[in-house]
Amino acid sequence: MRILVTGASGQIGTNLALRLQGEGHEVFGVDKRLNTWTDDFRYLLQDLSGHYPSYPGGIGGVEYPPVDLVVHLAAHAKVHQLVRQPHRALENAVMTFNVLEFCRQQKLPIVFSSSREVYGDVHRFAEEEATEASADFAYTESTYSASKIAGEALIYSYARCYGLRYLVFRFSNVYGRYDNDLARMVRVLPLFIHTMMREEPVTVFGPEKTLDFTYVDDCIDGIVRGIDALVEGHVVNETINLAFGQGNRLTHAAELIAAELGVEPKIALAPSLLGEVTHYVADLTKARELLGYEPAVPLEDGIARAVSWFKEHRAAHPEEEGPLPPDALFPQDAEIGWKSGSTTIPAS
């Protein structure tokens, strides 16, 4: 197949593009940032969040090569950046609208990357695992989660109004290979690895915070299964959780990283931050039944792989070993995320 991947320079986009290309598909990527990890697939530098008119051949007057399916991953994904800069949530919705208009006019199926954030802080409302049917806009915790709910709503409306074929995947704390570009996109586990390698303390916001960490190879396997099923018509117009299906406290993840690095963990605890989800465990029933999805990498094994890859990459790029600038965390409110020698970061 010929597959367009938006957000192709991100962690999931890079891993997915390389996997698809390795399986013989033709991949074309779109991202507003350079891919810092590989040049092994074609991509176009373009910001998809402009208010572009409708057109058939591409987005924003750019002609794309012919494609058979779109995987839409592009989004502003820093939860706390969107809390402080809510206009970026609107840009997420605009990106999704532009991609949907392209798909509508080209009659293309779409795979959309949503998030466990659409469930809100589920432990406040129910004790059971989060099933796909339990998301509700009333549980919205942040402008980021609102942008993902809005994206899903657009997908569903295009399906009803225009016959769009889709799959929506709700990801949860994906980590692993190609997840260390901390100056661009800070995620909690690579930040902890970076900080602990420097033997500096880390701060966990929320001592009881329990999340469903997903190793990137499991996530990519689920997406590829979905692409195949959607194109073949076996699974169409479904919303599916993709995660590992097991909760782990963030403090436990930090301890695993320290053990893998052979350092004494220096973990400070602080209250959860505004807009954060503090408890989530995915229900994988639909993924298993519809796609035969079975995640294979528990957190203990995934942390070992992530640390190994991180150390190998860092050995080849020693210039990245220094301290991160405060604006690498929260550009508009750096003091919230950087406190006197300790690294602080939300769990999203």
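**The second largest cavity**

Modeller: In this predicted model, the second largest cavity is lined by Y175, G176, D179, N180, L189, P190, I193, A306, W309 and F310. Two elements, α5 and α9 (299-316), each give two or more residues to that lining. Sorted by class, the residues around the second largest cavity are seven nonpolar, two polar and one charged. The volume of this second largest cavity is about 60 Å³, and the count of cavities of 30 Å³ or more comes to five. As background to such a search, rolling a probe the size of a water molecule over the atoms shows where empty space is left.

From α5 (188-197) we can turn to the loop between that helix and β8 (202-205), where E199 is placed. E199 is not a glycine, and yet its phi is positive, at about 55°. With a relative accessible area of 56%, E199 counts as exposed, because the cut-off for that word is over 50%.

A second residue to look at with care is N237, which is found in the loop between α6 (216-232) and β11 (238-242). N237 likewise has a positive phi of about 55° although it is not a glycine. Its relative accessible area is 31%, so N237 is described as partly exposed, a term for values between the limits of 20% for buried and 50% for exposed.

Note on methods. Residues are numbered from 1 along each chain as its sequence is written. This is a predicted model: local features need pLDDT of at least 70, side-chain atom pairs count only at pLDDT 80 or more; totals for chains, interfaces and linings use all residues. Side-chain values use heavy atoms; hydrogens and water are left out. Helices (H or I, at least four residues) and strands (E, at least two) are DSSP runs, numbered from the N terminus. Buried means under 20% relative accessible area, exposed over 50%, partly exposed in between (1.4 Å probe, protein chains only). On a 1 Å grid over the protein atoms alone, a cavity is a set of points where a 1.4 Å probe fits but cannot get out, and a pocket is an open set with protein on both sides within 12 Å along at least five of seven lines; lining residues have an atom within 4 Å of a point. Grid points are joined across faces, edges and corners, and a volume is the space filled by probe spheres set on the points. Ala, Val, Leu, Ile, Met, Phe, Trp, Tyr, Cys and Pro count as nonpolar, Asp, Glu, Lys and Arg as charged, and the others, Gly among them, as polar.
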